[in-house]
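Subject: Structure handover

Hello,

Here is the structure I said I would pass on.

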Amino acid sequence: MDPVDALDVERLYTDEERMIRDTVREFVRERVMPEIDDWFERAHFPKEVIPELGKLGLLGMHLHGYGCAGTNAVSYGIACMELEVGDSGMRSAISVQGSLSMWPIFTYGSEEQKQEWLPRMASGEVVGCFGLTEPDFGSDPAGMRTFARRDGSDWILSGTKTWITNGGIADVAIVWARTDEGIRGFIVPRETPGFSTSDIERKLSLRASVTSELSFDDCRLPDDAMLPGARGLKGPLSVLDEARFGIVWGSMGAARSCYETALEYAKSRVAFGKPIAGFQLTQRKLVEMLLELAKGTLLALHLGRMKDEGRLEPEQVSMGKLNNVRAALEIAREARSILGANGITLEYPISRHMNNLESVFTYEGTNEIHTLILGQAVTGLPAFK
Ligand code: TGC
Ligand code: FAD
């Protein structure tokens, strides 16, 4: 039995999926691992990685046409998992670019909007971000105050979005705003007068990722800045399904890194005259971690196959996000305990993953929100308010 892929889940991958796994794994080994501790410590996101991810065909990879790779959803999931073995910030980069920024243009944009933006976003020449959360409205985006009003054929956009991944380095923002005709999505280029960003400093989580506030001070946008196909809150919420799917996979990547690190450490660290892996209590920890890792990876693959068959429902994505991020966080905490004092340093990846997973637990719908989504699905009774 393979001590990491104990259920031989990767045997269920196709040859093409295995090839993508190998490509991303190598990228993480060669490009991310030698630098990630330094990026994390300096709170630095290397923007130059984005075109490199584009060259590998990972940006908007499961979209078809417009310079996108056109893979299946499972391949996208595998890429998310392998990148998050490196760091959640690396997975966030492709989530935000491919799922949160390109997918809404691909799904709700006009042909002109797709032609204008998608090829340059697929190559990484143009970086996107997704603005839904506001200072007073995170879990409940229906309350958003950002507003776009008509002025002739133009729109005037005003408001503030916050906690926006890649906001400070983005060339374009997908911004959701209230209008007289309900919530609509807008493509806002960085150079739009009145659009400014400021980065959120002193984060203790996702330090190798930029997180920013976006301000819109009476930004004038042409009529064709609006995404014609998205109307109402359903627009942004459907976009979230895409990124949440990536997190179902990605969280298992962070968990795998923590488990593998703890397993290797336990075999070599000696206490009371023998390797700590030889103590029953340590073995129990490792086995519990292995069980959750194996189940979470299988769940991710199952949801991926359902997505590729076109029958994955939003509530099922919530099941995956709720279960896998919670499991990954528990695995990270247990792994940290196996390393003892060494577990708290940047010499090992565990505390870095653990801190990152605290954000992953909160963004894309908190643990509580996904619990309530599932509670509503099984009882028919909404308990959000
Ligand atoms: P509700 O009345 O339930 O729904 C309004 C309309 O939307 C539809 N809908 C969905 N459609 C597709 N997918 C989903 N997941 C959907 N959820 C709801 C729904 O059918 C309805 O359609 P219609 O046609 O009837 O109008 O809306 P609500 O206001 O009661 O809210 C429900 C709730 C709480 C579940 C929702 O607001 C929610 O999911 N809140 C969490 C917000 C969230 O996840 N924000 C994430 C921001 S982006 C981010 O975190 C990026 S991290 C980036 C990185 O990886 O670095
Ligand atoms: P709140 O909504 O204030 O919730 C606080 C607590 O109350 C949580 O535990 C929550 O579960 C609980 N709670 C709220 N309502 C209920 C309820 N009805 N019942 C029970 N408990 C409840 N957003 C974007 O739009 N784009 C991005 O790119 C993006 N990137 C992010 C990157 C990072 C690093 C982080 C940390 C966040 C990012 N976000 C982004 C924002 C993220 O989506 C929000 O933080 C998240 O939706 C939660 O909102 P909040 O932080 O305002 O928490």
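This is a predicted model: local features need pLDDT of at least 70, side-chain atom pairs count only at pLDDT 80 or more; totals for chains, interfaces and linings use all residues.

A polar side-chain atom of Y363 is placed 3.4 Å from an oxygen atom of ligand 1, a polar contact being a pair of N or O atoms within 3.5 Å (within protein, one must be able to donate a hydrogen and the other to accept it, and residues adjacent in sequence count only if both atoms are side-chain atoms). On its own, ligand 1 has 1100 Å² of accessible area, of which the protein covers 72%; such areas come from the Shrake-Rupley method with a 1.4 Å probe, and for residues only the protein chains shown count as cover.

Residues are numbered from 1 along each chain as its sequence is written, chains are lettered from A and ligands numbered from 1 in the order in which they are written, and side-chain values use heavy atoms, with hydrogens and water left out.

The shell around ligand 1 comes next. It is made up of 26 residues, with S92, D241, R244, E364 and G365 the closest; a residue is near a molecule or strand if one of its heavy atoms lies within 4 Å of it. At least two shell residues each come from α5 (88-108), α7 (234-268) and α11, and α7 gives the largest share, six residues. Helices (H or I, at least four residues) and strands (E, at least two) are DSSP runs, numbered from the N terminus. By class, the shell around ligand 1 holds 13 nonpolar, eight polar and five charged residues. Here Ala, Val, Leu, Ile, Met, Phe, Trp, Tyr, Cys and Pro count as nonpolar, Asp, Glu, Lys and Arg as charged, and the others, Gly among them, as polar.

Ligand 2 is surrounded by 18 residues, the closest being T133, S139, W163, T366 and E368. A backbone N or O atom of W163 is 2.7 Å from a nitrogen atom of ligand 2, and for a backbone N or O atom of F130 the distance to a nitrogen atom of the ligand is 2.9 Å. The side chain of T165 has an N or O atom 2.9 Å from a nitrogen atom of ligand 2. Ligand 2 exposes 980 Å² when taken alone, and the protein buries 68% of that. Two or more shell residues come from each of β5 (154-165), α10 (350-362) and α11 (367-379), and β5 has the largest share with three. The classes in the shell of ligand 2 are eight nonpolar, eight polar and two charged residues.

Where do the ligands sit? On a 1 Å grid over the protein atoms alone, a pocket is an open set with protein on both sides within 12 Å along at least five of seven lines, a cavity is a set of points where a 1.4 Å probe fits but cannot get out, and lining residues have an atom within 4 Å of a point.

The volume of the largest pocket is about 1400 Å³. Its lining has 44 residues, and G138, L240, R244, E364 and G365 lie nearest its centre. α7 contributes most to this lining, with seven residues.

Regards

Conventions:
Grid points are joined across faces, edges and corners, and a volume is the space filled by probe spheres set on the points.
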